[in-house]
Each structure stands twice: as structure tokens, then as C-alpha cells.
Amino acid sequence: MEPAGPAERGAVRELRLHLVTWNVGTASPPPDVTSLLQLNSLGPTMDMYVIGLQEVNSRITNFLSDLAFDDPWSVFFMTVLSPLGYIKLSSVRMQGLLLLVFVKHVHLPFIRDVHTHYIRTGLYGYWGNKGGVTVRMSLYGHTICFMNCHLPAHMENTEQRLDDFEKILEMQFEGESIPSTLDHDVLFWFGDLNFRIADYGIHFVRESINNKRYNLLWEKDQLNMAKKKEAFLQDFIEGPLQFKPTYKFDLYSDVYDTSEKKRKPAWTDRILWRVKNLCQHASKEGEFSEEEQTISVTLNNYISHMSYGISDHKPVTGTFGLELKPLLLDPLVTLSPEGEWSAEHDVLIRYSAVPELPSSAWDWIGLFKVSFRHVNDYVTYAWVEDDEISSNKDSKQVYMSAAEIPDTGGEFLLGYYSNNLQSIVGISQPFQIQPNRTLIDKDLTQEENSWMQKPDNLESRDEF
């Protein structure tokens with residue numbers, strides 16, 4: 001999707017969001033996630049992937065390593081998604097809880113105020129094996145919050161689950177324009193929520209599942225029951241549970257727990273959402289006018305993925321359409337390469353910024369491969385002030401040395417990073433850099449000379 005042009009101003013646009021929740025049970029990533037991420041889908045590509053994992057391996061040796069380097073799951077998803085044009089926008093980790101957000105490059109200039117938070121609820125708030133992690137942002141001027149939770153286990157702990165979630169909802173965002181999670185325009189709540197199926201015995205539950213009569217179990221699902229009683233849950237929406245309960249399975253199978261414990265199957269892994277405007281409207285008479293409703297959420301697909309067996313949970317995904325009227329129409333910075341770029345000579349970048357850009361001497365312009373993984377995955381960069389060579393009222397020019405440009409050339413793009421906003425606020429169209437022919441010709445000559453100097457081993461062997 002291209003940024004809005006003059007003809008599109010005021011038009012509603014739809015973003016496609018794919019959300020994953022998966023308790024991975026300390027396992028390593030699987031060989032393939034094509035179906036999990038719906039990469040072979042015939043429909044339009046996703047604009048954003050949000051991936052919430054629980055029980056990522058957090059033994060002390062793994063966790064210390066992950067603090068110094070990206071954890072294996074983050075590296076895995078970046079390896080899959082970056083060649084497809086997605087950048088890791090943000091991530092947050094609290095022991096075994098991990099939340100990753102990937103977006104298409106084209107949306108970066110319209111995403112602002114990205115912040116991460118976490119709250120512990122294990123051991124009375126002192127231990128992070130349970131709790132919630134959030135990534136929140138402004139997307140085309142609308143506030144969105146993604147909240148990945150792991151709530152207490154076991155059938156009898158419903159009240160504890162509800163108490164913990166209410167505590168997570170009360171998380172305060174100090175010094176920011178949005179004071180709490182419920183103040184966002186859209187809030188997505190997902191994770192291993194650990195709600196169970198009450199009252200019914202294991203045989204009735206399994207028989208209902210075998211006959212695909214899932215509706216017989218819905219009214220005894222603890223989360224469905226709580227939504228009818230608890231006021232703070234009633235604004236949350238969930239799609240129909242038209243898939244098998246996702247817990248508990250024998251590893252690498254679609255057979256429910258055959259251990260001595262024989263856990264009763266349950267829909268522990270869930271995805272819900274809440275639209276603030278709809279909540280405010282619910283207490284008023286009449287309908288929203290089209291002018292008032294600036295953002296809406298549509299669930300297109302809500303399914304589990306039975307083919308993944310690395311854990312005793314099956315992953316669950318929700319595919320959503322976000323229809324919104326952009327409140328941000330123009331990027332803070334527009335930039336482009338000047339003329340034809342070649343690795344053989346110094347090059348120029350031209351950019352212009354809107355007056356409201358909170359510029360800083362620490363702002364920089366990065367040169368990125370088109371498959372870059374995250375904001376620090378640049379090939380080289382130029383400081384916008386130190387490397388500036390010309391300026392007028394409309395635009396500025398920045399210099400980049402040939403010594404910093406890859407000799408092999410290729411396809412790249414430029415991104416303007418705002419230190420004050422801690423994000424990329426302008427991005428160029430992809431463009432080609434011509435390779436350094438002098439060095440390539442030199443390498444070819446050396447290879448030819450090396451080949452010509454080799455002894456004719458075949459003739460030598462024939463003499464024996």
C-alpha cells in the first residue's frame with residue numbers, strides 16, 4: 001500500500017493485520033511457519049504481523065544470552081519476514097513472554113510514539129513467569145495497543161486470572177498522552193489466558209470435540225462466563241471458537257493428553273479486541289455517523305493450526321482488517337537519492353522536513369538493504385547536521401562517502417531516523433546502486449591470472 005496522495009486525502013483505508021499467539025513450551029522454532037503466517041495466501045499481503053509467544057526458553061543461560069543478542073525466535077521471524085519487506089518495528093521480552101511487531105516499510109513514516117511496557121503478576125508481582133507485555137503506538141494518528149498475556153494455570157484459578165488481568169489493564173503509562181491500556185482507540189488482548197471448560201467431565205468434552213459440536217462447550221468456557229459477569233470484560237470482542245480446544249496435546253501429535261494427568265481440553269489460547277469508540281457509543285442512543293467512526297476492526301479469520309507439534313499448545317491466529325481514516329497524511333520527512341548512485345563515487349541525499357519535525361543533532365539518515373531486519377540493520381549512515389553540504393528553504397543535501405557504500409551495489413532504500421521520536425519518520429522508494437566496476441574487473445583479472453598459473457594436473461597424472 002502506498003502512502004496517501006492528494007487524491008486519497010480523507011479516504012478510508014484498510015490495513016491487514018495478522019496476529020499470532022502461541023505457548024511454545026520452551027521449544028526451538030519449527031522448520032517452517034508458512035501456514036502459521038499465511039504466506040501462501042492468495043489474498044492481499046499483510047501490512048502488519050503481531051506475534052505473541054509464551055514460555056519462550058528463559059533458563060538463566062538462555063536469558064542472559066538473549067539480553068546480549070536477539071533471541072532465537074526473534075531471529076527466526078526476522079529471517080522469514082525481512083526478505084518479504086517487513087521490518088521488526090518493536091519487541092518486548094519479560095522472561096518467557098515475548099511480543100514482536102513487524103510492519104511493511106511503507107507504513108514506517110506513519111507510525112509514531114512506539115513504546116513497550118511489561119507487568120509481572122507471578123509471586124505477587126515479583127516474578128515475571130506470568131503477567132503481560134505490551135507494545136503501543138500511533139498508527140496513522142490512531143492509538144493501538146497490543147497486549148500479550150500469560151495468566152495463571154489450573155481449573156480452580158479463574159478468580160486469580162481475572163484479578164491478574166484487571167491489574168494488567170490498570171498499567172499506567174507515565175508521562176505519555178495515553179494514561180492506560182483502555183484509553184487506546186483499539187486494544188488487542190491475546191495470549192495463553194489459561195481459561196478452562198468448567199463443570200463438564202472429560203468424556204463429554206472429548207466427545208463434543210470429536211463430533212465437532214464445539215458450541216456445546218461454549219457456555220461453560222470460563223472466559224465466556226466471566227464476560228457475562230465482569231464489567232471490565234464486557235467491551236472485549238472475540239470471534240466464534242470454531243476450532244478444537246488448543247490445549248493440552250501430546251507433543252508432535254493431534255492427540256489430547258494421554259499422560260497420567262489426562263488434562264481436560266480447553267481453549268486456553270485466545271485473541272480478543274476492544275474498540276474504544278464502540279464502548280463509548282454503547283451507553284448512548286442512536287448510531288455512529290460515518291463521520292464520527294474513524295476506525296473499525298473486522299475479524300476475517302480466527303483459527304488454530306493443528307500441524308504444529310513442538311508444544312502441548314496449538315498456535316492460534318486472527319486475521320483482521322483495520323479500516324481507518326488517516327489522521328496523519330504526510331510523512332515528517334521526504335527523502336530520495338540525488339542522481340544515479342554508484343559505489344565508485346561519493347553520493348548525495350536530498351530531504352525536506354515539515355516544520356513540526358522535532359529535529360536533533362543526533363538525527364541520521366541510514367542506507368538500508370531492502371530486506372533490512374530492524375532500524376539498526378543499516379549498511380551505513382550520515383549525520384543530517386555534520387554531513388550536510390547545502391540547504392535552502394525547501395530542502396537540504398547530505399553527503400555520503402563512496403568508501404561507505406558496498407562495492408557490489410544492489411537494491412537499497414534510505415530512512416530518516418529521528419532521535420527525539422526514536423523512529424524512522426521518512427523512507428525513500430527502493431533504488432539501485434551501481435557496483436564498483438573497477439574493483440570487480442580487478443577481482444576478475446586476479447581470478448583469471450590465478451587460473452592460468454595452475455599446473456595442468458590432468459596431464460601430470462597421465463604420465464604415471
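Analyst: The account below takes the salt bridges in turn and then turns to a charged patch and a hairpin.

The model is predicted, so local features need pLDDT of at least 70 and side-chain atom pairs count only at pLDDT 80 or more, while totals for chains, interfaces and linings use all residues. Residues are numbered from 1 along each chain as its sequence is written, and side-chain values use heavy atoms, with hydrogens and water left out.

The structure holds seven salt bridges, the term denoting a side-chain nitrogen of Lys or Arg within 4 Å of a carboxyl oxygen of Asp or Glu. One of them joins E238 and R270, with an N to O distance of 2.7 Å. Because E238 lies in the loop between α6 and β9 (269-275) and R270 in strand β9, this pair ties together parts that are 32 residues apart in sequence. Helices (H or I, at least four residues) and strands (E, at least two) are DSSP runs, numbered from the N terminus. E238 counts as buried at 15% relative accessibility, and R270 is buried at 0%; buried means under 20% relative accessible area, exposed over 50%, and partly exposed in between (1.4 Å probe, protein chains only). E238 and R270 also belong to a network of salt bridges that includes D221.

A second pair, D199 and K220, meets at 2.9 Å, N to O. It links distant parts of the chain, 21 residues apart: D199 is in the loop between β8 (186-192) and α4 (202-210), and K220 in the loop between α5 (215-218) and α6 (222-229). D199 is exposed, with a relative accessible area of 61%, whereas K220 is partly exposed at 22%.

In the salt bridge of K393 with D394, the closest N and O atoms are 3.5 Å apart. Both K393 and D394 are exposed.

E166 is found in helix α3 (residues 158-169) and is partly exposed, with a relative accessible area of 33%.

Strand β3 (residues 86-94) is largely enclosed by the rest of the structure, because seven of its nine residues are buried. Eight bridges join β3 to the antiparallel strand β4 (residues 97-104), and two strands pair if DSSP finds at least two bridges between them. Within this hairpin, two residues separate β3 and β4, and Q95 in the turn has a positive phi of about 50°. S91 stands opposite L100 in β4.
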